[in-house]
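Thanks for coming. I will take one structure today, so please have the sequence and the 3D view open while I talk.

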Amino acid sequence: MHFMTALEAAWQQRNSLLCVGLDPDPVKFPAHLQGCPDAILEFCKAIVDATADLVCCFKPQIAYFAAHRAEDQLEALIEHIHTAHPDTPVILDAKRGDIGSTAEQYAIEAFERFKADAITVNPYMGRDSVDPYLAYPDKGVILLCRTSNPGGSDLQFLEVDTPKGRMKLYEHVARTVAEDWNASGNCGLVVGATFPAEIARVRELTGDMPLLVPGIGAQGGDIAATLVAGRTAKGGGLMINSSRAVLYAGKDEDFAEAARKVALDTRDAINAHR
Ligand SMILES: O=C(O)c1cc(=O)[nH]c(=O)n1[C@@H]1O[C@H](COP(=O)(O)O)[C@@H](O)[C@H]1O
């Protein structure tokens, strides 16, 4: 199924714009999981099973698995999501960016090894570095545009001359992706919740293109401002990510229940502004 079709269905069936980010940090795990073999997988499966009915997608961050030699656990986790929660798209957050021949391998890794439905990609190496992902027309390709971190302004906020006039670099990225790179309708953009004015600008430049919006929760982004800036005319179009605030809501054996409560409250806070 095309990623956008699956996402659209999940938005509707779950009545949720919440994306739970799976950023497992073993140091923060509850005591009973510390030292267990496959602790990363067990922790993430518990979070997934406790929150799947509340989300439109999950977003595992590959560094949190690779850093602990746990890529096999990432593979097993994505397989678990596809089997136990088959209507929940998985975005592999890898922020890849490299020359075409290497990007081909990254695309195989994401879509054929890990079987992700979508991937985050850094577009700042240009079109040929993104083509290998676009060659999978049913997979989502979610391109960094205006990132949530303060240093995102260092380059993305520079004024540049483009064939369509002078604008900020992130605006040029948004326009280029919407007008040139999205022939298969499989592109999305990342815009941080920490920058609502730029979310509004990206929405203006891209019509109804899905936006992945990290930065609520631990990074302090404002939910109401994010919705006002980024929702489409139908009150959707957003995957609003929260990772740490959900994952580490509880520190004890009932951590998954605590995560569910935060996910529920976050989903409802988002829906209150649609
Ligand atoms: O692509 C991303 O997901 C991403 C882009 C961005 O601009 N900012 C950002 O925080 N992220 C990711 O979103 C998650 C945010 O985590 P929390 O701040 O814990 O909610 C992390 O996995 C980041 O790597």
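How do the residues of the shell around the ligand divide into nonpolar, polar and charged? The model is predicted, and everything I quote is computed from it. The shell divides into twelve polar residues, four charged and three nonpolar. In total, 19 residues surround the ligand, and the closest are Thr147, Ser148, Pro214, Ser243 and Arg244. As for elements, β3 and β10, residues 238-242, are the ones that give two or more residues to this shell.

Next, the sheet. It is open, with eight strands in parallel pairing, and the order is β2-β1-β10-β9-β8-β5-β4-β3. At the edges are β2, residues 57-60, and β3, residues 91-96, and each of these pairs on one side only. From one strand to the next, the twist averages 30°.

β5 covers residues 140-146 and β8 covers residues 187-191, and they pair in the parallel sense over five bridges. Two helices pack here. Helix α8, residues 169-181, packs on the sheet and touches β5 and β8, with its direction at about 155° to that of β5. Helix α9, residues 196-206, also packs on the sheet, touching β5, β8 and β9, which is 211-214, and its direction makes about 160° with that of β8.

Staying with α8, which of its residues are buried? They are Tyr170, Glu171, His172, Val173, Ala174, Thr176 and Val177. The cover over these buried residues includes β5, β8 and α9, along with α7, residues 152-156, and the strands β6 and β7.

Those last two strands form a pairing of their own. β6, residues 159-162, and β7, residues 165-168, pair in the antiparallel sense over four bridges. A hairpin through two residues joins β6 to β7. In this pairing, Asp161 stands opposite Arg166 in β7.

Another helix to look at is α6, residues 127-134. Its buried residues are Ser129, Val130, Pro132 and Tyr133. As a reminder, an α-helix has 3.6 residues a turn, so residues three or four places apart point the same way. The buried residues of α6 pack against α5, which is 100-113, β4, which is 118-121, and also β5 and α8.

I will finish with two backbone angles to check. Asn15 has phi near 50°, a positive value in a residue other than glycine. Asn15 lies in the loop between α1, residues 3-14, and β1, residues 18-22. It counts as partly exposed because it has 13 C-beta neighbours inside 10 Å.

The other angle belongs to Arg69, where phi is near 55°, again a positive value in a residue other than glycine. Arg69 is found in the loop between α3, residues 62-66, and α4, residues 71-84. Is Arg69 buried or exposed? Arg69 has 9 other C-beta atoms within 10 Å, so it is exposed; the cut-off for that is 12 or fewer.

That is what I had. Questions are welcome.

Note on methods: Residues numbered from 1 in each chain as written. Predicted model: local features only at pLDDT ≥ 70, side-chain atom pairs only at ≥ 80, totals over all residues. Pairing = 2+ DSSP bridges. Axes fitted to C-alpha atoms, helices over the stretch in contact; angles between N-to-C directions. Contact = placed C-beta atoms within 7 Å. Near = placed C-beta within 6 Å. Nonpolar A, V, L, I, M, F, W, Y, C, P; charged D, E, K, R; others polar. Buried ≥ 20, exposed ≤ 12 C-beta atoms within 10 Å, placed from the backbone.
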